[in-house]
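Colleague: I would like a close look at one part of this model, with the rest brought in only as background. Please keep the account plain.

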Amino acid sequence: MTLDSSWATVAILLVCLATLGVGALGLRLSRTTSDFYVAGRTVSAPLNASAIGGEYLSAASFLGVAGLVYSVGTDMLWLPVGYTVGYLVLLVLVAAPLRRSGAYTIPDFAQLRLASPRLRRLASVLVIAIGWLYLMPQFQGAGLALRTVTGGSPAVGTFLVAAVVLLSVAAGGMRSITLVQAMQYWLKLAAIAIPAFVLVWLWARQGQPLPPATSPAGPFAEPLAAYAMREHATYSTYSTILALCLGTMGLPHVLVRFYTNPDGRAARCTTLFVIGLLGLFYVFPPVYGMLARIVLPSLPPGTRPDSVVLLLPTAMVGGSLGDLLTAVLAGGAFAAFLSTASGLTVSVAGVIDQDLLADRIARWSGGDIPRTVSFRLASVVAVAVPYAAASLLSPTVALADTVALAFAIAASTLCPLLVLGVWWRRLSVRGAASGLIVGGVLSSVAAGLTFFGVVPAGGGDAGWWRTLLAQPAAWTVPTAFLVAVVVSLATPRSVPRDAARTLVRLHAPEELSDGR
Amino acid sequence: MTEPTTPRPAPTPPRRVRITSPRRGARRRAERRPGSVELTEQTGLGEVYLTALLRAQLRLSLAVLLGVVGMLAGLPAVFLLLPDARSAMVGPVPLAWVVVGVAVYPVVYAAARLHVRQAERIEREFTDLVRR
């Protein structure tokens, strides 16, 4: 299964070097704490949108979508749709108000809107947990990709990504990350689109064969056919769409990016750009899944479906063209790991720094240690934990499924907080906290049970349980919303007194609330 | 107060002196900020303004969401109810792939664009109303 690995190795190293190089360029521009966190809030909409796209398109998008389309079938086409519609939901519900709130992070928003330090701490814990859960598959994916294309040990790829991310984040903070991320989007688009065009052209020349219509498990190319191991395809489809649509706004690295817009209107424009960029990208990954189903009826032993993108070119052409395409795809995949992981690291590190480290360090050192040092320390913590988890736990769940669980947790916790916080005057501190706790406990228990494979295999009731736990959003999100609303209505005295004033700030255009 | 004085012919009228502030470049305080004051000071009128803005924006957001969600939720339902649609082909590619894999994205983009335009229109109208 080892291919001629030299080209792919070169591509991977080039991507890593380019990331570090552009990061170093940003380092010379980033001077203040504000630069560090949110690029001084002076990033233009197209640049910011490219950066958001670069950060958002993770291992799950680049490798995982094709892997799931390959192994599960048409129903998985909904994954990229959900990833994109998540931004539409974010646009119409929270984009401009969140930018106008002027907060750096989700915990900042919680404090600003509900004025409760304890609620802030709860939100911080959730942001860190979701960030770590999302970082883990990025590191695992890196190991997987490196093993597939070079035959090297997975530990090397995992370490490489963790080290590059740590270097570029700790060195340059957000400004360098904005430039790096914007570059990564276009790199990834090119890396997935160009090989796709070549492969489709080859497929057309080979007489446009179709995937086997009836395989032992069922028809591959038909929707809702429960092609492979998935039971209850209809429920799973709807629940996954819900998790992706509502979870996007709760992802830590997504929201941090919105604070780099100069104002609310720019935040909307940026989101619109992002939707265009994502739609463009997501046309391509399913192409790989479908072509692989035609060309590779069965995977070599010991390979996971997540690596089909990297196996496809050599299976279709072989020779140096195949090696070249593999190298391009491997470079793109590494760009995906690096960009998502650095975006997540920046935001998780920002939260760790602001809420856990900075005050303590300042007290302990009497203010001698500058903020940038504590941010660097926080980014070490932010990378170390998921790195350890990715190295110690052997991956049992597909990359895109792990990411979908992170989305489900975000959708059941931070999404109710943000949506109710932005639109509902009567949200109380207790209501918000109850929603966060109930949604968080339910969804993370479901995720944990899925990870460790607690519910045994088997049909009937066990099958339903497994499905409900693997795609929990359909029941955890409504429960979290309901709890938050009911408790808020029951505790009108814990509604913050200046809720109406805060809402004015969130919704009124800047030129009004600034008094300009 | 003072005894009436006979109008005397004024001596040479005082020279007009132009007095300027040394800080002419400083930003002048806004003379009137009617609407925004109502809003931030939470008067009854401000409450009315805020409610109107929130409602208009929320109505727009929900309309866009319902449209898109209706479309997305409808697609699996169509495939569930019409078995023929599942196996239909467009040229060499299954219909479901063309619809879910490609055609969805321009529609989502169009919906987002519509929302951005309308939301900005609502904000413009609100600004005009409050500034008046």
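Which residue of chain A does the side chain of B:Glu123 meet in a salt bridge, and what is the N to O distance? Please set the pair in the context of the contact between the two chains.

Modeller: The model is predicted, and the values here are computed from it. The side chain of B:Glu123 meets that of A:Arg268 in a salt bridge, with 2.8 Å from N to O. This pair crosses between chains: B:Glu123 lies in helix α4 of chain B, and A:Arg268 lies in helix α12 of chain A, which spans residues 264-282.

Both partners are buried, and the cut-off for that word is under 20% relative accessible area. B:Glu123 has a relative accessible area of 0%, so B:Glu123 counts as buried. A:Arg268 is at 5%, and therefore counts as buried too.

B:Glu123 has a further partner in chain A. The side chain of A:Arg100 also forms a salt bridge with B:Glu123, again given as 2.8 Å from N to O. A network of salt bridges links four residues, namely A:Arg100, A:Arg265, A:Arg268 and B:Glu123. Between chain B and chain A the count is 3 salt bridges, and over all chains the count is 6.

The contact around this part involves 50 residues from chain A and 51 residues from chain B. On the chain B side, B:Glu123 is one of three residues that lose the most area to chain A; the others are B:Trp97 and B:Tyr105, and together the three account for 16% of what that side buries. The size of an interface is often given as the accessible area lost when the parts come together. Here the area buried between chain B and chain A is about 4700 Å², and carbon and sulfur atoms give 75% of that area.

Polar contacts between chain B and chain A come to 4 residue pairs, with both residues at pLDDT 80 or more. The side of chain B that touches chain A draws two or more residues from each of α1 (34-40), α2 (44-81), α3 (83-87) and α4 (95-131) of chain B. Helix α4(B) gives the largest share of that side, 21 residues. By class, the side of chain B that touches chain A has 33 nonpolar residues, 10 polar residues and 8 charged residues.

B:Arg121 pairs with B:Glu125, the closest N and O atoms being 2.9 Å apart. These two residues are 4 residues apart in helix α4 of chain B, about one turn of the helix. B:Arg121 has 33% relative accessibility, and B:Glu125 has a relative accessible area of 45%. Both values fall between the limits of 20% and 50%, so B:Arg121 and B:Glu125 count as partly exposed. B:Glu123, by contrast, is buried at 0%.

A:Arg120 forms a salt bridge with A:Asp108, and the closest N and O atoms are 2.8 Å apart. That pair links distant parts of the chain, since A:Arg120 is in helix α8 and A:Asp108 is in helix α7 of chain A, 12 residues apart. A:Arg120 and A:Asp108 are both buried.

The loop between α7 (106-114) and α8 (117-150) of chain A holds A:Ala115. Most residues other than glycine have a negative phi. The phi of A:Ala115 is positive, near 50°. A:Ala115 is exposed, with a relative accessible area of 55%.

As background, the two chains can be set out in turn. Chain A has 22 helices and 2 strands, and 62% of its 516 residues are buried. Its accessible surface comes to about 17400 Å², of which 68% belongs to carbon and sulfur atoms. Chain B has 4 helices and 2 strands, running α-α-α-β-β-α from the N terminus on. Of the 132 residues in chain B, 30% are buried. Chain B exposes about 9600 Å², with carbon and sulfur atoms supplying 60% of that surface.

Key
Residues numbered from 1 in each chain as written. Chains lettered and ligands numbered in written order. Predicted model: local features only at pLDDT ≥ 70, side-chain atom pairs only at ≥ 80, totals over all residues. Heavy atoms only, no water. Buried < 20%, exposed > 50% of the residue type's maximum accessible area, 1.4 Å probe, protein only. Areas by Shrake-Rupley, 256 points an atom, 1.4 Å probe, with all protein chains shown as cover. Contact = heavy atoms within 4.5 Å. Buried area = accessible area lost by both parts, 1.4 Å probe. Polar contact = N/O pair within 3.5 Å; in protein donor to acceptor, adjacent residues only side chain to side chain. Nonpolar A, V, L, I, M, F, W, Y, C, P; charged D, E, K, R; others polar.
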